[in-house]
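Here are a few notes from a pass through the model. Have it open while you read.

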Amino acid sequence: MRDYILRRLLMLIPILLGISVCVFTIMQLVPGNVVNGILGIEQTPELRAIWEKKLGLDQPPLIQYFRWMGNVLRGDFGESFRTGAQVFPEIISRFTITAELALLSCLTSLIIAIPLGIVSALKRNRPVDKVVRVAALMGVSMPSFASATLIILFLSKAFGYFTPVKYVSLIQNPGTNLEIMILPALILGTTMAGSVMRMTRSSILEVMRQDFIKAVRAKGAPERITIFRHALKNGCIPIITLVGMQMGGLLGGTVVIEQIFSIPGLGQYVLTGISQRDYPVVQGCVLFIAFIYVIINLFVDIIYTYVDPRIQYA
Amino acid sequence: MDHLLDICGLRIETRRGGGKAMLLDKVDLSVKKGQSFGIVGESGCGKSITANALMQLLPYPLRVSDGTARYQSLNGEKELLSLPAEEIRGLRGREIAMIFQEPMTSLDPIFTVEYQMFEALSFHNKRIGKREMHERALEMLRSVKIPRPEQTLRSYPHLISGGQLQRVMIAMAMLNNPRLLIADEPTTALDVTIQAQILELMNGLKAANGTSIIMITHDLGVIAETCEEVAVFYAGQVVEQAPAAELFHNTAHPYTEGLLRAVTSLDGDRADMGRSTSQSEAEAPHQNELYTIPGMVPPGGEWSSGCRFRDRCDRAAPRCAEALPALCEIAPGHLCRCFRTGEEVEAR
Amino acid sequence: MSKQAILRRALPGAGAALPRQSESAFILVWRDPLGRAGLCGVALIALMAICAPVIARYGVAEMHPKAKLTAPGLTFFFGSDNFGRDVFSRIVYGARVSLIVGIVSVGIAAGLGYLLGILAGFFEGKCESIIMMAMDIIFAFPSILLALFIVSALGPNIINTMIAIGIVNVPVFTRTVRASVKSVKSMDYIKNAISIGLTPRGVLLRHVTPNVLAPFTVQATLALSGAILTEASMSFLGLGIQPPQPSWGSMLSDARKYMEIAPWLVIFPALFIILTILSFNVLGDSLRDVLDPKLKL
């Protein structure tokens with residue numbers, strides 16, 4: 001097992017290199033170059049030259065890439081053009097916020113989706129199933145920003161709710177923090193729940209059709225054990241895959257919800273970076289998020305081996 | 001001998017394309033204590049669903065629409081088809097056990113054999129300890145002649161061969177010393193040499209424990225090896241039923257005859273099952289050419305009126321199209337559904 | 001189940017074969033009540049987009065300074081915004097923008113994906129691993145993030161939005177086509193046909209393309225809803241369609257400031273975004289059931 005994880009980590013290297021090349025290339029596409037972004041309209045040729053030298057932009061792209069990668073590997077993602085602050089520590093501190101939101105959303109989604117998916121599969125084609133399936137489709141089709149806006153509108157009209165202005169971290173005050181996070185997590189969670197529910201339903205149905213379920217029942221298993229121990233555990237691999245992909249997607253997907261609820265997470269940081277043309281921030285965040293995404297996928301693969309003894313990574 | 005199980009007027013139907021289709025039509029069977037009862041027929045004749053219906057394990061759109069199955073359990077007579085879920089669950093695996101056609105897919109792939117054998121015990125005995133379960137599982141695996149029982153217990157199903165897995169399935173089914181074992185094509189998925197071993201094993205277990213067996217198969221060879229009483233199914237009905245020796249010697253129904261001619265025995269030769277060879281030689285001049293019954297079993301609900309076998313029967317007469325022959329007793333204990341042997345018409 | 005098989009089920013629509021049915025997919029979808037609803041929804045939105053100049057009562061940028069933030073009524077069906085523009089007309093034209101962005105970007109994705117998938121499927125070895133590696137890399141970015149990133153580099157406008165969304169969607173199509181090519185190639189009758197002189201072009205035109213059509217259609221429908229969603233999100237964040245072009249996403253975003261006093265500014269764009277995406281998803285689902293019975297459970 002350790003060998004497998006090590007080998008998988010080694011296999012990450014080309015992917016991560018590819019990602020960095022991709023990010024670097026896209027940055028090269030920025031019209032003019034990043035100096036425009038720093039100097040705005042106040043640029044003079046002298047100032048430009050100074051900045052280009054400072055940023056190494058006078059070098060050929062290949063050298064620029066290696067210099068950048070060298071820094072990145074040492075945890076130096078550069079400094080923000082706007083604030084002058086180091087990008088990497090900022091990413092880490094904001095990542096914890098986004099990760100909290102993502103985990104809460106995932107939790108919400110699983111709590112909603114798994115039981116409903118099971119019920120829907122067991123009561124196939126009955127009214128309950130139909131209601132659940134339509135609800136799931138609605139969930140899948142509900143963009144979080146649209147539902148968030150509508151829900152805020154409703155809450156403000158009905159209960160005088162307003163979106164929190166100031167963020168409080170989990171360590172400062174867990175209660176207040178949860179109060180802030182709960183609504184966005186619920187909204188993201190229900191959006192995710194739709195597809196998780198569909199996946200749960202279809203994989204439970206698929207497992208329930210298999211011979212061994214009948215064999216388990218023929219042994220005299222109580223329904224509870226047939227469903228939770230045998231059907232769910234066998235059917236959970238596609239669900240885990242999906243949740244893993246969604247977790248990764250959430251790291252990007254929180255961009256919108258963080259904006260709406262003024263949560264100072266990674267998404268908001270990227271967005272501010274983009275709108276202020278603060279390229280080190282953008283570059284750093286994108287690279288970081290892609291890295292996390294890849295790690296989550298690795299993690300999912302490792303979970304497989306624990307769930308299903310047939311999956312062997314020899 | 002006492003009857004262990006009496007199936008009476010069993011009807012099974014399914015929903016298809018908005019309508020209903022009959023899959024099993026008024027089947028009566030009775031199994032005596034300690035008897036092995038064979039059910040034989042081609043795929044789609046309704047053999048397996050009969051077994052599944054007894055255990056209330058019919059897959060989703062199928063349901064029992066009529067009939068009873070009275071079973072003499074240790075706690076008195078039970079009507080299996082209408083038994084409440086909790087009660088039938090208590091019988092499954094303890095009094096009535098089942099083994100399936102595909103050993104490779106009949107064990108949960110993500111649990112060890114040991115875990116699944118323990119389940120079979122603990123479902124029916126909450127107080128049983130780990131150690132005792134281990135002992136009994138091991139003992140059972142030994143009795144089905146698994147070469148390395150300790151190692152097999154620790155294995156996951158995908159690491160075990162099909163033949164060994166079927167032994168495991170049998171061991172698992174026998175763990176609670178059931179009174180009735182339903183074997184749904186237990187040897188179909190196995191190699192011929194292993195088939196013989198499995199059948200021998202089942203015969204041995206039956207002799208040792210007095211378990212009644214319902215043997216479902218499409219292979220008359222298997223019936224000849226194991227069963228005392230045989231029912232031949234065709235298109236959802238019993239077409240012939242007799243003690244095994246009687247059936248093989250005095251075959252009455254053309255379908256049974258066709259099945260017999262189509263059989264290759266376990267030795268690889270054409271099977272004669274001990275019956276006089278004169279007739280079969282006359283009909284099948286090429287000894288080595290495998291006989292096939294022309295046509296296919298009509299799917300459930302698309303049965304022709306009259307005799308359901310007449311489209312494939314080489315002796316069909318005009319009257320076969322007019323009415324459905326009834327199952328008549330043509331000799332003591334020998335029932336046949338054919339106008340050539342009986343005159344009665346099935347009442348609808 | 002291999003991991004590949006799992007992913008194939010997790011990502012809808014991949015690896016199916018076109019059923020040889022006498023009835024057309026259209027009729028089968030129509031027979032399914034949900035499919036019919038989806039089809040009607042999509043048709044309605046398409047109609048709205050095509051006939052926008054006829055339906056809309058005012059120009060998209062036409063301001064009525066005396067009628068700012070008026071509630072829905074006979075003059076302004078869906079009310080007017082803070083510039084006194086007719087929300088109804090903007091919604092109608094917004095459908096046009098949404099659909100155009102969706103169709104063009106899915107077109108880009110499908111075209112590129114088809115090409116790359118064919119290449120990867122036919123030329124196994126280096127070519128395949130490079131292409132699939134590239135796809136894995138694109139896949140390693142959360143889609144909206146990558147789209148935002150590309151747009152931020154290229155500059156936000158409608159063309160770049162379409163390019164960005166297109167690129168993000170390439171991998172799904174590439175995988176679908178590659179899987180199809182490989183499965184077709186491994187079939188015995190194709191091997192036989194090749195051995196008696198079927199050219200690669202013949203394989204491509206006569207066997208791969210018809211085989212890939214079903215999963216491709218399903219994929220495209222679902223990708224369309226995804227693309228519309230991404231565009232709306234990007235515009236909501238101000239990095240998609242730029243004013244004065246109307247986009248439902250940016251309308252919703254702009255309206256948030258006036259939510260308290262003019263809720264209709266929020267409700268209508270949100271409703272149309274949801275209905276559009278819902279229609280495409282319902283249609284895609286139904287299509288998948290019809291074209292790919294293997295996935296129907």
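Which domains is chain B divided into? There are two: domain 1 covers 3-227 and domain 2 covers 233-336. Keep in mind that this is a predicted model.

1. Start with how the two parts of chain B sit relative to each other. The C-alpha centres of domain 1 and domain 2 of chain B are 27 Å apart. Across the boundary, 25 residues of domain 1 of chain B touch 19 residues of domain 2 of chain B.

2. Next, look at what domain 1 of chain B brings to that contact. On its side facing domain 2 of chain B, at least two residues each come from β1 (3-16), β2 (19-32), β3 (36-40), α7 (192-209) and α8 (220-226) of chain B. The top contributor is β2(B), with six residues. Sorted by class, this side of domain 1 of chain B holds 14 nonpolar, seven polar and four charged residues.

3. Now over to chains A and C. Helix α10 (residues 223-260) of chain A and helix α7 (residues 143-154) of chain C have axes that come within 6 Å of each other, crossing at roughly 65°. Angles of 65 to 115 degrees count as roughly perpendicular, so that is the label for α10(A) and α7(C).

4. Who meets whom there? From α10(A) it's A:G252, A:G253 and A:V255, and from α7(C) it's C:S143, C:I144 and C:L145. That contact between α10(A) and α7(C) has three nonpolar and three polar residues, with no charged ones.

Terms used:
Residues are numbered from 1 along each chain as its sequence is written. Chains are lettered from A and ligands numbered from 1 in the order in which they are written. This is a predicted model: local features need pLDDT of at least 70, side-chain atom pairs count only at pLDDT 80 or more; totals for chains, interfaces and linings use all residues. Axes are lines fitted to C-alpha atoms, for helices over the stretch in contact, and angles run from 0 to 180 degrees between N-to-C directions. Helices (H or I, at least four residues) and strands (E, at least two) are DSSP runs, numbered from the N terminus. Angles under 35 degrees count as roughly parallel, over 145 as roughly antiparallel, 65 to 115 as roughly perpendicular and the rest as oblique. Two residues are in contact if their C-beta atoms, placed from the backbone, lie within 7 Å. Ala, Val, Leu, Ile, Met, Phe, Trp, Tyr, Cys and Pro count as nonpolar, Asp, Glu, Lys and Arg as charged, and the others, Gly among them, as polar. Domain bounds come from an automatic or database domain assignment.
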